[in-house]
Amino acid sequence: MKWSEICIHTTHEAVEPISNILHEAGASGVVIEDPLDLSKERENVYGEIYQLDPNDYPEEGVIIKAYLPINSFLGETVDGIKKTINNLLLYDIDLGRNKITISEVNEEEWATAWKKYYHPVKISEKFTIVPTWEDYTPVHTDELIIEMDPGMAFGTGTHPTTVLCIQALERYVKTSDSVVDVGTGTGILSIASAMLGADQVEAYDLDPVAVESARLNSKLNKVAEQIEIKQNNLLDGISGEKDVIVANILAEVILRFTNQAYSLLKQDGYFITSGIIQHKKQEVKDALIKEGFTIIEVLSMEDWVSIIAKK
């Protein structure tokens with residue numbers, strides 16, 4: 001089978017929304033070539049990545065690659081992707097070069113491309129993300145292993161926004177907590193919450209493909225019985241009192257449901273938000289404070305911010 005590789009040269013800020021666009025257009029997953037993975041010093045000991053070749057990375061910006069089957073609808077699909085990406089400018093998202101190129105690859109090369117970019121990564125004190133095809137021996141007895149297959153969805157769990165969320169969950173989720181994961185995507189934050197001892201985890205995403213991906217990943221990691229995964233728009237129609245709500249979404253989306261998050265949380269409950277670019281940080285903080293939250297922590301990694309607020 002022949003595949004078309006769509007390659008987009010853009011910015012760090014645009015990685016998450018463009019990845020979502022590609023996923024919704026039918027891509028099985030994305031490869032992210034970020035030169036910061038090679039050279040940037042981490043703020044802590046986590047995030048070590050192995051076996052990366054500098055020749056695969058751009059000198060500046062980020063390259064996102066996705067793979068689409070070559071069929072009679074490919075031209076329309078690519079045109080739709082381009083238009084939707086350009087519409088991100090309406091949300092003040094910097095697209096950088098926004099250069100899009102198309103090339104053809106065969107199925108064998110496509111499969112090899114995934115494995116070339118994906119290796120075990122320790123992302124927090126407890127969690128290590130391991131691709132399903134890699135053999136990995138835990139270094140510590142309390143190490144928690146999350147198995148992921150990038151062919152299932154648009155995220156591998158090593159993007160800074162996800163890492164920040166998992167590090168926050170590690171600090172604030174307690175045994176028997178109830179957790180809601182808004183915009184679950186691959187389900188990785190729900191999986192982490194269940195592994196940390198949360199008794200009840202609810203995972204929601206508007207995209208039915210993401211919902212199916214989260215279900216597959218929860219089964220792969222043997223926590224499916226602890227997680228209820230459904231298609232839903234943010235927190236619409238959700239009831240009950242929750243201990244923790246986590247949302248790794250764009251800042252503009254977070255601003256739309258801060259009031260619902262406040263209403264659903266128990267007193268002293270935590271709202272963990274990520275996917276926030278640096279210049280949107282103050283806007284999100286102000287909205288949370290206005291709603292009645294107290295800002296507990298503001299974490300950052302590269303150009304991204306995670307805000308932990310308490311009711």
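Q: In the hairpin of β13 and β14, which residue takes a positive phi?
A: Please keep in mind throughout that this is a predicted model. In this hairpin two residues lie between the strands, and Glu 302 has a positive phi near 55°. A positive phi also occurs at Gly 292, which follows helix α10 and has a value near 120°.

Q: How many bridges pair β13 with β14, and in which sense, parallel or antiparallel?
A: The two strands pair in the antiparallel sense, over seven bridges.

Q: In what order do the seven strands of the open sheet stand?
A: The order is β10-β9-β8-β11-β12-β14-β13, and the pairing is mixed. The edges are formed by β10 (227–231) and β13; each has a single partner strand, so one side of each lacks a neighbour in the sheet. From one strand to the next, the twist averages 15°.

Q: Which strands run parallel, and which pair in the antiparallel sense?
A: Strand β11 (residues 242–248) runs parallel to β12, and six bridges join them. By contrast, β12 and β14 pair in the antiparallel sense, also over six bridges.

Q: How should I think about the side chains of a strand?
A: The general idea is that in a regular strand the side chains alternate between the two faces of the sheet. In the present case, β14 is mostly covered, with six of its seven residues buried.

Q: Which helices pack on the strands, and at what angles?
A: Helix α5 packs on the sheet, where it touches β11, β12, β13 and β14; its direction makes about 135° with that of β13. Helix α6 (residues 188–195) lies across β8 (178–182), β9 (200–205), β10 and β11, and runs at about 180° to β9.

Q: How many residues has the largest nonpolar core, and which have the most contacts inside it?
A: This core has 39 residues, and those with the most contacts inside it are Phe 127, Ile 146, Leu 169, Ile 227 and Ile 272. Helix α5 (residues 160–172) is its leading contributor, giving seven residues. Apart from this core lies another, of 24 residues, including Tyr 204, Leu 288, Phe 293 and Ile 307.

Q: With which residues is Ile 272 in contact, leaving aside its neighbours within four places in sequence?
A: They are Cys 165, Ala 168, Leu 169, Val 244, Ile 245, Val 246, Ala 247, Ser 306, Ile 307 and Ile 308.

Q: Why do the buried residues of α10 line one face of the helix?
A: The general idea is that an α-helix has 3.6 residues a turn, so residues three or four places apart point the same way. In helix α10 (residues 281–291), the buried residues are Val 284, Lys 285, Ala 287 and Leu 288. Viewed down the axis of α10, its buried residues fall within an arc of 165°, so they line one face. Among the elements that cover them are α8 (251–254), α9 (258–264), β12 (265–277), β13 (294–301) and β14 (304–310).

Q: How many salt bridges does a search of the whole structure find?
A: In general, side chains of opposite charge can pair when their charged atoms come close. The search finds eight salt bridges. One of them, between Arg 171 and Glu 297, has an N to O distance of 3.4 Å. Arg 171 belongs to helix α5 and Glu 297 to strand β13, so the pair ties together parts 126 residues apart in sequence.

Q: Are Arg 171 and Glu 297 buried or partly exposed?
A: Arg 171 is partly exposed, with a relative accessible area of 45%, and Glu 297 also counts as partly exposed, at 23% relative accessibility.

Q: Which residue forms a salt bridge with Lys 174?
A: The partner is Asp 177, and the closest N and O atoms are 3.7 Å apart. Here Lys 174 is partly exposed, at 48% relative accessible area, whereas Asp 177 counts as buried, at 4% relative accessibility.

Q: How far apart are the closest N and O atoms of Glu 228 and Lys 230?
A: They are 3.0 Å apart, and the two residues form a salt bridge. Glu 228 is partly exposed, with a relative accessible area of 35%, and Lys 230 counts as partly exposed at 42% relative accessibility.

Terms used. Residues numbered from 1 in each chain as written. Predicted model: local features only at pLDDT ≥ 70, side-chain atom pairs only at ≥ 80, totals over all residues. Heavy atoms only, no water. Core = buried A, V, L, I, M, F, W, Y, C linked by side-chain atoms within 4.5 Å. Buried < 20%, exposed > 50% of the residue type's maximum accessible area, 1.4 Å probe, protein only. Helix = DSSP H or I, 4+ residues; strand = E, 2+ residues; numbered from the N terminus. Contact = heavy atoms within 4.5 Å. Arc of directions from axis to C-beta. Pairing = 2+ DSSP bridges. Axes fitted to C-alpha atoms, helices over the stretch in contact; angles between N-to-C directions. Salt bridge = Lys/Arg side-chain N within 4 Å of Asp/Glu carboxyl O.
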